[in-house]
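Here is a short briefing on a hairpin, an aromatic pair and a surface patch. Please look over the model first.

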Amino acid sequence: MKNIKVRKAGNSVGIILPKESGLQVGDLLSYKQDGKKLIYEWEVDLEIPLEKIRKFVQ
């Protein structure tokens, strides 16, 4: 598992995700909290090669 640093973004906090995530500007993430874990979900763009998605998820 890799670490991502949380940064200040105005009055909120944010993270910068790597390009390998397959996410693009404007994509919408959904999340839920499970104890101290945040679990994110997003719609997969079928134009992104499946190998790229699998590599990021592993």
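**Briefing**

Tyr-40 lies in strand S4; strands are DSSP runs (E, at least two residues), numbered from the N terminus. The model is predicted: local features need pLDDT of at least 70, side-chain atom pairs count only at pLDDT 80 or more, and totals for chains, interfaces and linings use all residues. Residues are numbered from 1 along each chain as its sequence is written, and side-chain values use heavy atoms, with hydrogens and water left out.

**Hairpin**
- Strands S3 (residues 29-34) and S4 (residues 37-42) pair in the antiparallel sense over six bridges; pairing takes at least two DSSP bridges.
- Asp-34 stands opposite Lys-37 in S4.
- Two residues lie between the strands of this hairpin, and Gly-35 takes a positive phi near 65 degrees.

**Aromatic pair**
- The structure holds one aromatic pair.
- Tyr-31 and Tyr-40 form this pair, which is tilted, at 5.8 Å centre to centre and 40 degrees between the planes.
- Rings of Phe, Tyr and Trp (its six-membered ring) pair with centres within 6.5 Å; planes under 30 degrees apart are stacked, over 60 edge-to-face, and the rest tilted.

**Exposure and patch**
- Tyr-31 is exposed at 58% relative accessibility, whereas Tyr-40 is partly exposed at 38%.
- Buried means under 20% relative accessible area, exposed over 50%, and partly exposed in between (1.4 Å probe, protein chains only).
- A nonpolar surface patch of about 830 Å² includes Tyr-31, Tyr-40, Leu-29 and Leu-38.
- Patch residues have over 30% relative accessible area and no salt bridge, with nonpolar side chains (Val, Leu, Ile, Met, Phe, Trp, Tyr) joined within 5 Å.
- A salt bridge puts a side-chain nitrogen of Lys or Arg within 4 Å of a carboxyl oxygen of Asp or Glu.
- S3 and S4 each supply at least two residues of the patch.

Conventions: Helix = DSSP H or I, 4+ residues; strand = E, 2+ residues; numbered from the N terminus. Patch = residues over 30% accessible without salt bridge, like charges linked within 9 Å, V, L, I, M, F, W, Y side chains within 5 Å. Areas by Shrake-Rupley, 256 points an atom, 1.4 Å probe, with all protein chains shown as cover.
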